[in-house]
Amino acid sequence: DDLFGQLSNSFADRVAAVDPSLARVQSGRRVATAVAWDDAGHFITVSRAVGEGDDATLTFADGQTATATLVARDDATDLALLHVEEVPEGASVAPAWADQADPPSWPRVGELVLTLGRPDGDTRATVGLVSAVGPAWKTHGGAAVSRWIDVDGSLPRGFSGGVLVGASGAVLGINTRALVRGGTTLPVDTVRDVVERLQTHGTTSRGFLGIRVQSVRLPDGAAADGSEQARGILVTGVKSGSAAADAGVLLGDVVVTVAGQPTENLEDLYGALVGGAGEQVALGVWRAGSAVQLSATPNERKHRGRGRRHGGRCR
């Protein structure tokens, strides 16, 4: 009969179950949250929480601390992988991660969720409502995110790197304030993909063409046959000796497709070049009223941006 008490106790139980997985991460003046990824001393946090070449101090639920080293980072998703050589005994355990390959594990609009972080010595929690769930999207750095999860309210400071917990108690994803105003959640499958690439390759490289671009509206007939594509990316500069220069890209060209995929903005271009370094890629270009097909072999460029647009930089 005490529905309110049952709900309250359920929330508290969910927090208590995840609490040992969270740590406060501090690097210089930067403070955020980290979550145990596995039982081998790996932790996930946000990229902007750790300075270049800096170690980070992790403070666990029981007050014990440890020094974590940066393994690798992907600024396009604002994720960083840390490693602690010797985690204090009993200080941290990996949480139950949701299996988002299974549709019932996906959060639904209207579900209650918990947002957890450890900005100081204790875990803090907020209760929210899933206000929107959408399809795949790309960050400003061009990283592909498997689905859009929007929770009402803004993410509190220090909660970046913390987790979103569903009704089952499983962790649905990692929260970050850097990619979307007010904060958003990177779902587990996207986090897993980034972490596996960081562990295997030490980076999430993206191909580099060597062009300066801006999005423009396409003239009639410039889109591929049968396409409703309305925009392309205007080439405003070509770096000498770059992959684009070798391919014959000219100032004033409008890139319409990359690898056969419509390219309407910087996010589309970034996404098309993920993992494309060293591999030949087809460029569909609109030049002086005619369609031109080119072939380029992007160079490798490790993304160092902060998940935001950088106008005028080479891509």
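Residues are classed as buried under 20% relative accessible area, as exposed over 50% and as partly exposed in between (1.4 Å probe, protein chains only). The structure is a predicted model, in which local features need pLDDT of at least 70 and side-chain atom pairs count only at pLDDT 80 or more, while totals for chains, interfaces and linings use all residues. Residues are numbered from 1 along each chain as its sequence is written, and side-chain values use heavy atoms, with hydrogens and water left out.

Helices (H or I, at least four residues) and strands (E, at least two) are DSSP runs, numbered from the N terminus. Two strands are taken as paired if DSSP finds at least two bridges between them. On this basis, 6 strands close into a barrel with antiparallel pairing, in the order 1-2-3-6-5-4. From one strand to the next, the twist averages 40°; axes are lines fitted to C-alpha atoms, for helices over the stretch in contact, and angles run from 0 to 180 degrees between N-to-C directions. H42 has H83 of strand 6 as its bridge partner. Helix 2 (residues 188-201) lies across strand 3, strand 5 (65-74) and strand 6, and runs at about 55° to strand 6. Contact here means heavy atoms within 4.5 Å.

A nonpolar core is defined as a set of buried Ala, Val, Leu, Ile, Met, Phe, Trp, Tyr and Cys residues joined through side-chain atoms within 4.5 Å. The largest such core has 25 residues, and I44, L116, V163 and I174 are those with the most contacts inside it. At least two residues of this core come from each of helix 1 (3-18), strand 6, strand 7 (112-117), strand 12 (163-165), strand 13 (171-176) and helix 2. Helix 2 gives the most, with 5 residues. A second, separate core comprises 18 residues, among them I211, V235, A247 and V258.

Strand 13 runs antiparallel to strand 12, to which it is joined by 3 bridges, and antiparallel to strand 14 (residues 184-187), with 4 bridges. I174 of strand 13 is the bridge partner of V163, and in strand 14 the bridge partner of I174 is L186. Leaving aside neighbours within four places in sequence, the contacts of I174 include V35, I44, L79 and W97, as well as V163, L186 and V191. The hairpin of strand 12 and strand 13 has 5 residues between the strands, and G169 in this hairpin takes a positive phi near 95°.

Positive phi values also occur in residues other than glycine. D78 has a phi near 60° and is placed in the loop between strand 5 and strand 6. With a relative accessibility of 3%, D78 counts as buried. A259 likewise has a positive phi, of about 55°, and lies in the loop between strand 18 (254-258) and strand 19 (261-262). A259 counts as partly exposed, at 45% relative accessibility.

The loop between strand 6 and strand 7 contains S105. This residue is partly exposed, with a relative accessibility of 23%. S105 and A167 are 62 residues apart in sequence, and their C-alpha atoms are 9.7 Å apart in space.

The structure holds 3 aromatic pairs. Rings of Phe, Tyr and Trp (its six-membered ring) are paired if their centres lie within 6.5 Å; planes under 30 degrees apart count as stacked, over 60 as edge-to-face and the rest as tilted. W37 and W97 form a tilted pair, as their ring centres are 4.9 Å apart and their planes stand at 55°. W37 lies in the loop between strand 2 (30-36) and strand 3, and W97 in the loop between strand 6 and strand 7, so the pair ties together parts that are 60 residues apart in sequence. Both W37 and W97 are buried. The pair of W137 and W148 is edge-to-face, with ring centres 5.3 Å apart and planes at 80°. W137 in strand 9 (residues 137-138) and W148 in strand 11 (residues 148-151) are 11 residues apart. W137 counts as buried, at 17% relative accessibility, whereas W148 is partly exposed, at 24%.
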